Structures are given as C-alpha cells and as structure tokens.
Amino acid sequence: AHHAHQKGVIHRDLKPQNILFDRGGNAKIVDFGLAAVGEVGALASAERAISFEHEGTWGYKSPEQLKGLKLGQRSDLFNVGLIGYLVFAALHPYTDERFLFSHREMVLRPYRPLSPIALKSLPGELSEFVLRLLDCDPANRFDSATQALSEFDNVEAAFKNQLQDRCLKLHDALVAAVSE
C-alpha cells in the first residue's frame with residue numbers, strides 16, 4: 001500500500017483484526033476505511049485541544065497519532081511493530097491501565113519502556129528489529145516498509161535454524177508429555 005499511487009497509502013489502523021489470511025495462508029491487509037493517500041498533516045492546535053488524536057484504534061495508535069502530529073509510512077510501521085510484538089512475545093507490549101483508560105496520560109507519556117522480562121522471549125536481533133519498529137520517535141524507525149522487510153529477511157535468515165530447533169524441542173517435549 002505504501003507504494004500504491006504516487007504518494008503511497010497510509011493505512012492508519014493496522015491491527016491484528018485487519019490482517020486476514022487467504023486459503024494459501026498468505027496475509028492480506030484489509031479495512032482501508034481510515035486510509036489516506038500520502039502523509040497526513042498534523043492536526044491544527046484547536047483540533048488537538050479538543051481531540052488530541054488522529055483516528056485509529058486504541059491500543060494500536062502510534063505516538064504521533066495520539067499527539068495529533070504528522071503521520072506517514074513510519075506510523076504504519078509502528079503498528080507493524082505492535083503486531084510483531086504480539087506475535088513473537090504473545091502479549092501486548094503496552095498493556096496497563098493508563099494505556100487503556102487515560103487518554104490525557106497516554107498523550108503526555110505515550111509508551112512506557114518495554115519490560116526486559118518480555119523481551120527475553122525474543123531472540124536478540126528479532127527483539128532489536130521489533131523495538132526499532134516500536135521506537136516512539138518516527139525518525140528512529142525504518143525509513144520504509146521495504147527497508148523493514150529487507151532487515152526482517154536478514155533477521156529471519158539468521159534465526160531460521162535457531163527458531164526451528166526451538167520449535168522442534170517444544171514439539172518433542174509435548175509429544176513426550178502426551179505419551180507418558
């Protein structure tokens with residue numbers, strides 16, 4: 001979508017519910033109802049005083065969405081990081097009461113540091129990849145989805161055997177437990 005049209009399409013609402021799989025197991029991004037062509041400008045200060053935010057789903061907004069700042073491809077990449085964290089760590093990285101219930105607190109202090117305990121469940125380079133996507137400063141994220149995908153391919157290649165070995169050991173342990 002970022003390469004569609006001359007200016008690209010910014011989804012603005014990437015979340016697990018907006019990723020479907022076809023019969024071949026290929027992921028498809030759906031629900032472009034909040035999408036915009038090109039970058040989305042910052043909200044005017046009067047609008048920000050009222051709403052503090054761009055449209056999107058609570059729990060999946062980038063810090064710049066919450067603050068009413070300019071949105072671009074890097075905002076969608078933040079959402080990819082959230083989804084990746086959910087997939088790889090099996091939990092939402094920012095689940096706490098202020099994230100879910102306090103709009104003003106979320107705007108003032110958007111994201112707490114990720115717990116080292118949660119990060120231990122990810123291999124080092126994969127953790128660094130996801131954390132780069134989740135950086136609160138868009139300038140520190142990947143420049144584009146293409147750059148992020150290229151880096152993910154490098155991470156995947158480096159850990160393919162390690163991750164496969166972990167899965168096989170888990171499988172063997174589960175089979176042994178069922179056999180007992």
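Colleague: Leaving aside its neighbours within four places in sequence, which residues is Ser144 in contact with?

Modeller: The model is a predicted one. Ser144 sits in the loop between α7 (124–133) and α8 (145–179). Beyond the neighbours within four places in sequence, its contacts are Gln73 and Leu77.

Colleague: Is Ser144 buried or exposed?

Modeller: A residue counts as buried under 20% relative accessible area. Ser144 has a relative accessible area of 18%, so Ser144 is buried.

Colleague: How far apart are the end C-alpha atoms of helix α3, and what span should its residues give?

Modeller: Helix α3 covers residues 73–89, which is 17 residues. The expected span takes 1.5 Å times one less than the number of residues. For α3 that should be 24 Å, and the end C-alpha atoms agree, since they are apart by 24 Å.

Colleague: Which residue follows α3, and what is its phi?

Modeller: Among the buried residues of α3 are Leu77, Phe78 and Ala89. After the helix comes Ala90, with a positive phi near 60°.

Colleague: In what order do the elements of the chain run?

Modeller: The chain has four strands and eight helices. From the N terminus on, the order is β-β-β-β-α-α-α-α-α-α-α-α.

Colleague: What share of the contacts with a separation of 6 or more comes from residues 24 or more positions apart?

Modeller: The chain has 180 residues, and 36% of them count as buried. Among contacts in the chain with a separation of 6 or more, the share from residues 24 or more positions apart is 54%.

Notes:
Residues are numbered from 1 along each chain as its sequence is written. This is a predicted model: local features need pLDDT of at least 70, side-chain atom pairs count only at pLDDT 80 or more; totals for chains, interfaces and linings use all residues. Side-chain values use heavy atoms; hydrogens and water are left out. Helices (H or I, at least four residues) and strands (E, at least two) are DSSP runs, numbered from the N terminus. Buried means under 20% relative accessible area, exposed over 50%, partly exposed in between (1.4 Å probe, protein chains only). Contact means heavy atoms within 4.5 Å.
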